[in-house]
Amino acid sequence: MEHFNNQKILPAANNIKEFEKLMETDFEYVILLNSHIAQLTALMKLARRHQKKVLLHVDLVQGLRSDEYGAEYLCQKVKPAGLISTRTPVIQMAKKRSLIAIQRIFLLDSHALNTSYRLIQSFQPDYIEVLPGIIPHIIREISDNTNVPILAGGLIRTVEEAREALQAGAVAITTSEQKIWNKIN
């Protein structure tokens, strides 16, 4: 199955300046991390003008609660290609509104991993973003145990780390490390 039109790097913009730079790249899918609710409509218009599909990190939108109502507002008014969140109600709303639903999980310890398995099994996101993404054997385990495509993100700083995550079963890498954006194809 092809994911994100086979785009292996999903570049993430930490701010508006980086987001604007992404508009000049060949990437079709881009991630917007930190933003403000008042900026979103203009940023989505900019992205559409450049034929970009934005995956919006809901938990990092200032001025918006990361709950089902905030997610519903984003789905109806902002209309990104997908939503990224650690919060299950956001993922449920994205799925309900036919947006790409990406459940972000932080692997702090075994308890966090087991809790994540239960959530994933219950709510079946379209993708799981695993953080940190530099633990290939855990990426492989999650991929084997969930049958949900994995995105690896967080602390991936080198091309080699990105390749290891892909070889372990991640379908793409989410990263704000510009030095590796064009090194993986």
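Is phenylalanine 4 buried or exposed? Phenylalanine 4 is buried, at a relative accessible area of 5% (buried means under 20%, exposed over 50% and partly exposed in between, with a 1.4 Å probe and protein chains only). The model is predicted, so that local features need pLDDT of at least 70 and side-chain atom pairs count only at pLDDT 80 or more, while totals for chains, interfaces and linings use all residues. Residues are numbered from 1 along each chain as its sequence is written, and side-chain values use heavy atoms, with hydrogens and water left out.

**View 1. Phenylalanine 4 in the segment before strand S1 (9-13).** Although phenylalanine 4 is not a glycine, its phi is positive, at about 55°. Helices (H or I, at least four residues) and strands (E, at least two) are DSSP runs, numbered from the N terminus.

**View 2. Serine 98 in the loop between helix H4 (88-96) and strand S7 (100-106).** Serine 98, a residue other than glycine, has a positive phi near 65°. Serine 98 is exposed, with a relative accessible area of 68%.

**View 3. The cis peptide bond from leucine 131 to proline 132.** Omega of this bond is near -5°. Proline 132 belongs to the loop between strand S8 (127-131) and helix H6 (136-146).

**View 4. The largest nonpolar core, of 53 residues.** Such a core is a set of buried Ala, Val, Leu, Ile, Met, Phe, Trp, Tyr and Cys residues joined through side-chain atoms within 4.5 Å. Phe19, Leu83 and Ile142 have the most contacts inside this core (contact means heavy atoms within 4.5 Å). Helix H2 (residues 40-49) gives the most to this core, with five residues. Apart from this core lies another, of 14 residues, including Phe4 and Leu151.
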